[in-house]
Amino acid sequence: MSELATDREIDRSNMQISDEIAIEITGMNKWYGTFHVLRDINLTVNRGERIVVCGPSGSGKSTLIRCINRLEEHQQGQIIVDGTELSSDLKNIDKIRSEVGMCFQHFNLFPHLTILENCTLAPIWVRKTPKKEAEEIAMHFLEKVKIPEQADKSPGQLSGGQQQRVAIARSLCMKPRIMLFDEPTSALDPEMIKEVLDTMIELAEDGMTMICVTHEMGFARQVANRVIFMDQGQIVEQNEPEAFFNNPQSERTQLFLSQILGH
Amino acid sequence: MSDTNVSYVRKEMLAEAAPPVSEIGPVRWVRENLFSSPLNAILTIISLYVIYWVVGHVAPWTIGGIWGASSLTECREIRDATVGSDHGIACWSVLSHRWHQLLFGYYPSHLYWRPVLALLLFLAGLVPVLYPDTSRKLLIVSAIAPFACFWLLWGGSVWLPVSTALGFVVGYFAFGLATRLISPLAGILAAIILPLLYWYFIAGDLYAALADTVPLGIEFVQSRDFGGFMLSVVIGLSAIVLSLPLGILLALARQSDLFIIKTFAVVFIEVIRGVPLIVWLFTAQLLLNYFLPPGTNFDLTLRVIIMVTLFSAAYIAEVVRGGLAALPKGQYEGADSLGLNYWQSMRLIILPQALKISIPGIVNTFIGLFKDTTLVVFIGLFDPLGIASAVRATTEWNGIYWELFIFIGVMFFIACFSMGRYSLQLEKKLQREHR
């Protein structure tokens, strides 16, 4: 059995899944040169859903969520985010990126700016928020991720877990409607994983629509409403966590789960 | 069980003690750096002797040098009368006698205040750029300074720099409008093409009209009167100031996804880098006039400035490209994922970090560029070396060379060394700030 992500009871009062569609992916294909990395992906995400994407390395799960905010370009099919279709139109891309927050495995904080400046940069330049207001918003979210006292430090002075929480706060400052997490805990020491997961759980409790690529099966079990298993660039199986973990249907899923959970 | 007793308890704590004398201060430094081993000690002693020997020969020549004479013959007479003809001593009189030519060339002597004022103005314009802590409002000085310097140096009607500067204003507004109305790419194209059209078709007439209605100007000085260090500094500083932004744009263009822009940058950089500067200078001297509107007599010094600028921009572009390539891909993705557009992410995230990495290379290029300004002697401009030849061709100073070239060398060294120091200081400052 995998460990649980948290010992406390998760407050599910705000975790409501609405009928409104947040992301709709239909018939999406992507190639790197001639390598077919994503094959016929169909996925609909409703507002308020918390989806965990798992799978062996090289299965295309990171590429999938990077396609959602156009860090990677897809070659076939359709991706509609918040009603806007992703095309090569730069204005659409920038609009979608400012609505969709993203956290990376290696945080990607800006080392030449302080923590506070990291958080206020996008609101000031993209949203045209006045500086003072942007700083108030930033402090609010830094408090939410529990590191307001680090605001004036440089990213390099913080631990990995703290940096990842700053990265989450930085995304939240843009008031995104969807959050993408690309293996947010994979580069962290075990004791830091928990503080980042706690932050993510709180985000889920606030009703955020989330798609997480992660190997934290405890988080998937406790927080996700849907788990997607990918292999060889395709969605092999998806189900509610209970059914997914206790009664996986596909052989590949069973093999993957047995390896990762160590049955 | 063994008999040894391993138990131990300290009864009283030791007070802090000073390190042995041989381990601190100058004693330690000398021991570690000069006499750390027998071989090192021998080398130190030999080196000290060599230094003593060189200084012993050079110092009397330098320090005992003669100032105040008005020709080499007079210098020799003074030497024979004082130290005797078998002792060599420097004849610095050539500097005190001809300093104005070495510094200003053939610039009219009653107008020396103009280049000096131009230099001061330029330095004033540089302060807000080099020291970002100063007030942002001072940047207006930086924007006006180049045109004011140009006007002070060449003189003539005040409307020429004004009508030229208007081209940049045109470019600025064209960029803003086209970016908002059409697309960022159209903005860049408009910012390049419209000013060029303005300069080609409108600027000349506008200047003539303005000069006719309100004649306002100072005495005009021809380019061929420029010379000495003034010429080096004018060419060097203009090229440095112009080539940095141009080089950055070229580096970005070379990384661009847009095929045409990328190809243009690659071809430009490779062609400019692949041909010696001296060839470009001859091109500037002989060929450039063919490409300009007929009737315009484009100043040779300006043509040289343009060529040197393009030449060093190609090098700067490659240095900056190195800095851009050194940044982790995550920085680009981090900026993209927040919804920053291309120019915002370049200006706020990518370039500050890439330029910081590139500082040593950029300053290295600038130092090389500044020294390369001496090449203009081959196209007939009187840079310090050209002036030195001219001075040696006079009857008074025929036969003198060491003193002149030492002076020129020292002046260049001071300029280049200061640039190197500034870059080190800047690197350290940024190191402290961005950890």
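Predicted model: local features only at pLDDT ≥ 70, side-chain atom pairs only at ≥ 80, totals over all residues.
View 1. When neighbours within four places in sequence are left aside, the residues in contact with S358(B) are V319(B), V320(B) and G323(B).

**View 2. The largest nonpolar core and the contacts of L324(B).** The largest nonpolar core holds 64 residues, of which Y107(B), F226(B), V304(B), L324(B), I349(B) and V376(B) touch the most other members. At least two residues of this core are supplied by each of helix 3 (115-125) of chain A and, from chain B, helix 5 (113-130), helix 6 (139-154), helix 9 (228-254), helix 10 (259-274), helix 11 (277-286), helix 12 (300-326) and helix 14 (342-372). For L324(B), with neighbours within four places in sequence again set aside, the contacts are A251(B), L252(B), Q255(B), Y332(B), I350(B), L351(B) and A354(B).

**View 3. The interface of chain A and chain B.** Contacts across the interface join 26 residues of chain A to 22 residues of chain B. Between them the two chains bury about 2100 Å², and 57% of that area lies on carbon and sulfur atoms. On the chain A side, F110(A), H112(A) and W125(A) lose the most area to chain B, and together they make up 29% of what that side buries.

View 4. Helix 9 of chain A spans residues 251-261, and its buried residues are T253(A), F256(A), L257(A) and L261(A). These residues lie on the same side of helix 9 of chain A because they cover an arc of only 110 degrees around the axis. The other side carries E251(A), L255(A) and Q259(A), which are exposed. The elements that cover the buried residues include strand 3 (50-54), helix 7 (217-223), strand 9 (226-231), strand 10 (234-239) and helix 8 (241-246) of chain A. At the start of helix 9 of chain A, a side-chain oxygen of S250(A) comes within 3.1 Å of the backbone nitrogen of R252(A).

**View 5. Domains of chain B.** The division of chain B gives domain 1 (18-63), domain 2 (98-107 + 221-430) and domain 3 (156-218). Between the C-alpha centres of domain 1 of chain B and domain 2 of chain B the distance is 40 Å.

Notes. Residues numbered from 1 in each chain as written. Chains lettered and ligands numbered in written order. Heavy atoms only, no water. Buried < 20%, exposed > 50% of the residue type's maximum accessible area, 1.4 Å probe, protein only. Helix = DSSP H or I, 4+ residues; strand = E, 2+ residues; numbered from the N terminus. Arc of directions from axis to C-beta. Contact = heavy atoms within 4.5 Å. Polar contact = N/O pair within 3.5 Å; in protein donor to acceptor, adjacent residues only side chain to side chain. Domains from an automatic or database assignment. Core = buried A, V, L, I, M, F, W, Y, C linked by side-chain atoms within 4.5 Å. Buried area = accessible area lost by both parts, 1.4 Å probe.
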